[in-house]
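Please walk me through this chain, one feature at a time. I would like the general idea before the particular case.

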Amino acid sequence: MNGVVLALALLAAPAAAAGFGNTSMGTKPYGVLILAYDTGGAWKKELGHIRSELTGVAVESVESAGDGVAIQRGLDRLKAQHVSKVVAIPLELVSESPVMDELRYLFGIRAEPTSDKPDALRPGMAPVQAQNKSTLVFTGKGPKRLKSEAELVLTATIDKAPALADILADRAKTLARDPAKEAVIVVGLAPRSDKGLDTWKASVTAIAESVRVKGGFREAAIIWVRDGTRAGQQDKDRAENKATLRRLITAGGVVAVPLAPDGRRVGNLLQRQVGTSGYRWNGKGLIGDPRLTDWVIAAAERYPERLI
């Protein structure tokens, strides 16, 4: 692929980092490409803040992380700034997700493009229309892989670092009256495919357990919401998640936090699925917490230490 060297940086970045001023990777200048997704107004403002903190290097951002065309345009903009390496930092929060699988394909790390379509229950049964018109649908056909004369490096997601659980635990503790007697639920936007859902649930369960430990909660659980799935899938999700919520409520207080940069979309889907009673909700997401920016800076600075 035109001499492109592709690598995955499995980085567990620290929660804080020093000021970003390194303008070279060895003797070669490099650039940073921030891969955001599902960007509303508040998220766009946060993205602008993160970009402003990455001083001394070329920085571009993409607002639809699984969109190969948008990413290619970002790379082309960095090419015009004469960088020899590009550090791509995904702001997807879960490592095992359709967005990350598609990115791994685009960057040449994964052999096949991902597929995240609603599971078919019977012929002719159409999926429910997605609430978010900007939601990406991965068909499995795949766009063209990225082309770049610069070396491309894709860093790991924030769930591989302590920062994510730290932020979520602090969000949850602001709602709790006595964490040791309460349960914490991590609520996230899950894949449309039931096969993909199983893998996603395993990753998010591990995140929830880290939040429980850091926050000192009695128990941890997850609830998933999905947009654009078939009616049968939604009915099954609703039944399972309501059963989880009922079980936790009978044992004590329950607080819930969104596994999302901006929690509004997840919050809206959660209310549609299980209602608003029985739990206390913090819908802030990661936006506004300086540890998110610190993690991005650390990822951009430290990725060369652990290339594989």
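The dialogue below goes from confidence to sheet, helix and core.

Q: What kind of model is this, and how are residues numbered?
A: This is a predicted model, in which local features need pLDDT of at least 70 and side-chain atom pairs count only at pLDDT 80 or more, while totals for chains, interfaces and linings use all residues. Residues are numbered from 1 along each chain as its sequence is written, and side-chain values use heavy atoms, with hydrogens and water left out.

Q: What is the average pLDDT of the chain?
A: pLDDT is the predictor's confidence in each residue, from 0 to 100. The chain averages 82, and 78% of the residues score at least 70. Over residues 1–27 the pLDDT is below 50, yet this stretch has 85 contacts (heavy atoms within 4.5 Å) beyond near neighbours in sequence in the model.

Q: In what order do the four strands of the open sheet lie?
A: Strands of a sheet pair through backbone hydrogen bonds, either parallel or antiparallel. Here the order is β7-β6-β8-β9 and the pairing is parallel. Strands (E, at least two residues) and helices (H or I, at least four) are DSSP runs, numbered from the N terminus, and two strands pair if DSSP finds at least two bridges between them. Strands β6 (residues 182–189) and β8 (residues 253–258) share six bridges; Glu182 has Gly253 in β8 as its bridge partner.

Q: Why is one side of β7 and of β9 left without a neighbour in the sheet?
A: β7 (219–225) and β9 (280–281) stand at the edges, each with a single partner strand, so one side of each has no neighbour in the sheet.

Q: Which members of the largest nonpolar core touch the most others?
A: In soluble globular proteins, nonpolar side chains tend to be buried together. A nonpolar core is a set of buried Ala, Val, Leu, Ile, Met, Phe, Trp, Tyr and Cys residues joined through side-chain atoms within 4.5 Å. Val32, Leu54 and Leu259 touch the most other members of this core of 50 residues. Helix α4 (residues 162–173) gives the most to this core, with seven residues.

Notes
Buried < 20%, exposed > 50% of the residue type's maximum accessible area, 1.4 Å probe, protein only.
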